Amino acid sequence: MGRAEAPGAAALLRGLLPAELLPLFDASFIRLHLLYDEFIHRLVLRVVSETGLEQTLREPGTPTEIATRAGFAGSQARVPLDWMLRLLTARGLLEELSDGAAFRYKSLGPFPALDPAPVREEQLRHEPSWMPAYILAETAARDYPEFLRGEITGEEVLFSPRRLRLWIDYFSNDNGLYVVNNRVGALAVEQWLPAAGGVVLELGGGLGSGALALLERLEMADRLGAIAEYRFTELVPAFLRRGEQALRTRLPGLSRVTFAPLDMNRPFGKQGVAPGSVSVVYAVNTLHVAHDLDFTLREVLGALEPGGRLVVSECVRPRARQPIESEFVFNLTETFRSPRLHPLYRPSGGFLTPGQWKGVMEAVGFADIRFLPDIVRVQERAPRFIAAAIGATRPH
């Protein structure tokens, strides 16, 4: 889809999305999202050029064979390389062949030389609020060749102390790309919050933007009083401090918010979350990086009171193996690319499809799995739409 087609795509979504979500996904947003997608494509082409991959791809090979020929660090580079190969295939630059056991890739001709800078400049002219996503992707792209060769880890690329500012700007409600996940999640909690309200536990609260969006939404809906306690948790100490500061600054009179570290990969009870003690567990773009999603969801289920709700806002992959542009950055991190796998609902790292979310939630004992919007119906008509909240209930 070209950027000129954004008005048509927006018209299509008007017939698919609930009215409350339409302001988030108008023609302007769609056009900017397509622009960002083009920017990521051009960054990938630059990485391909700088690493000599274009020459390597003249002969067919599996991702493992291509990584070996290119001199990449196999275990670290395999997932990001596989993702780039699938992206280039979707762009019509590679041929993908499968013998049922493995995929092989071969270039279909010379790659275009496309400069990312004009796309960045166009974005800056039209909507500067998206620039944190551009700066983060550019930062990752500069170190991608070293990462692929195993000379630096993704955590060193993305999470060195000097790059904290990147995340403060990215995980923000001022970031026009990221804020939609927070807004969709906030709307879902408002709609699915048990009538009696109760205690909300947020997992992976990060820098606080998700909590701010949710609490502001409940405040506007005159439902803030339904929250007996909001338990904000985050594992990274620097993020936890920043998140607490942001929430106390924005809502200084809200005394029912607590702040604590919590590792979703460890038993919740040993970290101060008693069984059956919360009414809602909430997470924005968090659960897909759980090391063992089955384990974490069982811990969530145990923490909820009977009838309690899990609400997660996530990027939802339309179909297996379809690349999503933000994975260019997050594939650098081991937690994103290397979870414990399951053949049915966790066949790879990264984002899950609607069917995979439903499958894993039902497998651990949740009921009433629901999506906002109806993501399966939306993706049938708009296969690049990826933002959704997923809800599930602990049975009585």
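These legends go with close-up views of a few spots in a predicted model. Because the model is predicted, local features need pLDDT of at least 70 and side-chain atom pairs count only at pLDDT 80 or more, while totals for chains, interfaces and linings use all residues. Residues are numbered from 1 along each chain as its sequence is written, and side-chain values use heavy atoms, with hydrogens and water left out.

**View A. The second largest pocket and its lining.** A pocket here is an open set of points on a 1 Å grid over the protein atoms alone, where a 1.4 Å probe fits, with protein on both sides within 12 Å along at least five of seven lines. This one holds about 700 Å³, a volume being the space filled by probe spheres set on the points, which are joined across faces, edges and corners. Its lining is made of 30 residues, and a lining residue has an atom within 4 Å of a point. Nearest the centre sit Arg78, Asp82, Arg86, Pro347 and Ser348. Helix α5 (74-90) gives the largest share of the lining, six residues. Helices and strands are DSSP runs numbered from the N terminus (helices H or I, at least four residues; strands E, at least two). By type, the lining splits into 12 nonpolar, 11 polar and seven charged residues; Ala, Val, Leu, Ile, Met, Phe, Trp, Tyr, Cys and Pro count as nonpolar, Asp, Glu, Lys and Arg as charged, and the others, Gly among them, as polar.

**View B. A salt bridge between Asp82 and Arg86.** The closest N and O atoms of this pair are 2.8 Å apart; a salt bridge is a side-chain nitrogen of Lys or Arg within 4 Å of a carboxyl oxygen of Asp or Glu. Asp82 and Arg86 are four residues apart in helix α5, so about one helical turn separates them. Asp82 is buried at 17% relative accessible area, and Arg86 is buried at 13%. For these labels, buried means under 20% relative accessible area, exposed over 50%, and partly exposed in between (1.4 Å probe, protein chains only).

**View C. Glu190 reaching Arg217.** Here the closest N and O atoms of the salt bridge are 2.5 Å apart. Glu190 belongs to helix α10 (residues 179-192) and Arg217 to helix α11, so the pair ties together parts that are 27 residues apart in sequence. Glu190 counts as buried at 19%, whereas Arg217, at 27%, is partly exposed.

**View D. Strand β7 and its partners.** Strands pair if DSSP finds at least two bridges between them. Strand β6 (residues 278-284) runs parallel to β7, with six bridges joining them, and Val284 has Ser313 as its bridge partner. On to β9 (residues 387-393): seven bridges join this strand to β7, and the two run antiparallel. Glu314 is partnered there by Ala388. As for cover, 10 of the 12 residues of β7 are buried.
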